[in-house]
Amino acid sequence: MSDPSALDRVGDCPECKGILTPETIRPVPFNCPYCAKYIKPIRRPRYLWLRILVCGGVAVVTARMRGFDWSFLIFVVSFYALPVFILGT
Ligand SMILES: [Zn+2]
């Protein structure tokens with residue numbers, strides 16, 4: 001019988017080759033539980049597109065609820081939504 005942690009294996013630490021399980025991996029950058037190396041998960045293109053749509057959508061909906069005109073939304077998206085998207089990646 002093999003080690004149960006090897007069954008849950010989703011990846012290796014690039015530094016110490018330690019087994020990373022779904023419990024140890026975080027969606028945000030995290031430290032390896034074995035060698036404390038800083039690991040940043042790879043984002044898939046679909047995740048980035050979803051993030052763009054969510055950031056832009058939330059900005060437009062919030063601006064409309066606060067009474068901004070449609071023609072003013074280009075400034076809302078460019079000054080608020082884009083910096084939030086770039087800083088979050
Ligand atoms: Zn490691």
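These legends describe several views of a predicted model.

**View 1. The whole chain, element by element.**
The protein has three helices and four strands. Read from the N terminus, the order is α-β-β-β-β-α-α. The C-alpha atoms fill a box of roughly 65 × 25 × 20 Å along the principal axes. The radius of gyration is 20 Å, whereas a compact globule of 89 residues would have one near 12 Å. Of the 89 residues, 3% count as buried. Take the contacts between residues at least 6 apart in sequence: 14% of them join residues at least 24 apart.

**View 2. The loop between strands E1 and E2, with Lys17.**
Strand E1 covers residues 11-12 and strand E2 covers 19-20; Lys17 is found in the loop between them. Its phi is positive, about 60°, although Lys17 is not a glycine. Most residues other than glycine have a negative phi. Is Lys17 buried or exposed? Lys17 is exposed, because 10 other C-beta atoms lie within 10 Å and the cut-off for exposed is 12 or fewer.

Ala36 has 11 C-beta neighbours inside 10 Å, so it counts as exposed.

**View 3. Helix H2 and the glycine that follows.**
Helix H2 runs over residues 45-65. How far apart are its end C-alpha atoms? They are 30 Å apart. At 1.5 Å a residue, the 21 residues should span 30 Å, so the two values agree. Just after H2 comes Gly67, with a positive phi of about 95°.

Helix H3 takes in residues 73-88. Its 16 residues should span 22 Å at 1.5 Å a residue. The end C-alpha atoms are 21 Å apart, which agrees. Where does H3 kink? A kink of about 30° lies at Ala81, shortly before the proline Pro83. H3 is also hardly covered: one of its 16 residues is buried. An α-helix has 3.6 residues a turn, so residues three or four places apart point the same way.

Key: Residues numbered from 1 in each chain as written. Predicted model: local features only at pLDDT ≥ 70, side-chain atom pairs only at ≥ 80, totals over all residues. Helix = DSSP H or I, 4+ residues; strand = E, 2+ residues; numbered from the N terminus. Expected span 1.5 Å × (residues − 1). Rg over C-alpha atoms; globule rule 2.2 N^0.38 Å. Buried ≥ 20, exposed ≤ 12 C-beta atoms within 10 Å, placed from the backbone. Contact = placed C-beta atoms within 7 Å. Bend = angle between axes of the 7 residues up to and from the residue.
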